Amino acid sequence: MSTSQSFLPWRKKLKEKIMSSTMCCGRFTKECDQLKYVLERTIKHGESDSVLLIGFKGSGKTTILNHSLNTIRQSGHDDFTIVHLNGLIHTDDGLALKEIICQLHLKELEGDRVAGSFSDNLLFLLQSLRTGDRNTSKPVIFILDEFHLFCSHRNQTLLYNLFEAAQASWAPICVVGMTSRVDVTELLEKRVKSRFSHRTILLLSNPTLKERLQLFKSLLTFETKDSRKTDSFIQRWNENINSLCNEGSVRDVLEKQLFCDTDEKMFRSYLLTLLCKIPVSAELRNVKLTAEDIKECYEFLACDAKITLLQGLSTLELCLVIAMTHQMELYDDEPFNFEMILNRYLKFAKQSNSVKLSERPVVLKAFERLQALELIIPLSGMAGRSGLKEYQMYNFLLTKSQVTSALQSYVGLQTDIVQWANSSLD
């Protein structure tokens, strides 16, 4: 392959690999096998059951479920029906029942809408399940996402009847609940809990730095079936990724990213952003990732929105922010009003040689803009004397570290302002 070729086709291959969900099950092989076993008993042998997948948001519950179902399909058992319900969408049993009937394509439709009352629809669904048997009926997999929200439905009627059907020798069904609530079984009523199988699969382990490094390496390297026939670019790229995994600065960045967010989806998004830093037209001989690229990409994604907002303020507005910072430090985060901040600003501006003194209406306008940007927030019931807006009390919504970081990256800021921000309180 000529070295003049671009990186675009290789980047597409890496993107497909990163976005692929098959590798998400690596940390939960045991749990994935447990879920697949339960589903196989329903799909292959017609045995009804119920199971709960419990894990934090982003832990891989949906990925593991889809992987298990796809594995069963690939084994030649694809004659089953899936009914998807979500507690955020189906907020009561009536909506959930109508959705079940629609997805099962049962003959209770009036045009495209489900007809009948809640009791009629429930009776119709139960009768439909009763007419089937484990040998001839098509298995049905009920997937209840945000399962804990279904527990808040009145009398938990839907859950009761689904679990009841899973215990009976009717048409084979499997009820799979997915939730982030570890105490979800305590939300079930006694009559519902007694019909639940009490099968729970926990996805609660947190990834370690070693596992995150392994994932980084596996997602960014190309697979080589025959090393003797491997393209020279692939060899150089894989060696580059391997060397990065051994660098301390890269490990530090991945550790920070892991500490801030253990969600694997967010990490995959980070890797996609990292790949996009390489121009699509870059020649293969020049394509290389560096530790600096990894660090810059992390800083770009982890940047504080408020710091970015501060960098876009005018010099006057920034001076008011510094005055507020001093005011909060001096008075232990007590609320302040415009007059207090104006006095601090005027005292500094009169002593400064480079800062132009602004008139009171201009300063008030700048103060009001800080409120509009939600950097300060008014306190209700503390309008001050005669209700004048100059005496309305406010709270400061920034920390000193945020202000300091913004000042360090602010372009063209006068030395007097920087010294004032770093000066001791008076």
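A salt bridge here is a side-chain nitrogen of Lys or Arg within 4 Å of a carboxyl oxygen of Asp or Glu.

Before I go on, a word on the source. This is a predicted model, in which local features need pLDDT of at least 70 and side-chain atom pairs count only at pLDDT 80 or more, while totals for chains, interfaces and linings use all residues. Residues are numbered from 1 along each chain as its sequence is written, and side-chain values use heavy atoms, with hydrogens and water left out.

Back to E390. It sits in the loop between β8 (376-378) and β9 (394-396). Helices (H or I, at least four residues) and strands (E, at least two) are DSSP runs, numbered from the N terminus. What is E390 in contact with, leaving aside its neighbours within four places in sequence? The answer is N337, F338, E339, R360 and L364, where contact means heavy atoms within 4.5 Å.

Side chains of opposite charge can pair when their charged atoms come close. How many salt bridges does a search of the whole structure find? It finds 14.

One of them joins E146 and K57, with the closest N and O atoms 3.4 Å apart. This pair links distant parts of the chain, 89 residues apart: E146 is in the loop between β5 (140-145) and α6 (147-150), and K57 is in the loop between β1 (49-55) and α3 (61-74). Is E146 buried or exposed? E146 counts as buried because its relative accessibility is 14%. K57, at 60%, counts as exposed, and exposed means over 50% relative accessible area.

E164 and R195 form a salt bridge too, with their closest N and O atoms at 2.5 Å. That pair also links distant parts of the chain, 31 residues apart, with E164 in helix α7 (residues 157-167) and R195 in the loop between α8 (190-193) and β7 (200-203). E164 is partly exposed at 28%, and R195 is partly exposed at 22%; partly exposed is the range between buried and exposed.

D183 and R181 also meet in a salt bridge, at 2.8 Å from N to O. D183 has a relative accessible area of 35%, so it is partly exposed, and R181 is partly exposed at 32%.

Next, backbone angles. Most residues other than glycine have a negative phi, and most peptide bonds are trans. E146 is not a glycine, but its phi is positive, about 55°. E374 is not a glycine either, and its phi is positive at about 60°. E374 lies in the loop between α17 (360-372) and β8, and with a relative accessible area of 58% it is exposed.

D93, A96, L97, I100, I101 and L104 are buried in α4. Why do they fall on the same side of α4? Because they cover an arc of only 135° around the axis, the arc being that of the directions from the helix axis to the C-beta atoms. D92 caps the N-terminal end of α4, with a side-chain oxygen 2.9 Å from the backbone nitrogen of G94.

α15 has 16 residues and reaches 23 Å from its first C-alpha to its last, close to the 22 Å expected. It is mostly covered, with 13 of its 16 residues buried. D332 follows α15 and has a positive phi, near 55°.

Last, S59, in the loop between β1 and α3. S59 is buried, with a relative accessible area of 13%. Its side chain reaches the backbone oxygen of F56 at 2.7 Å. Leaving aside neighbours within four places in sequence, S59 is in contact with R27, F28 and L203.

Terms used: Buried < 20%, exposed > 50% of the residue type's maximum accessible area, 1.4 Å probe, protein only. Polar contact = N/O pair within 3.5 Å; in protein donor to acceptor, adjacent residues only side chain to side chain. Expected span 1.5 Å × (residues − 1).
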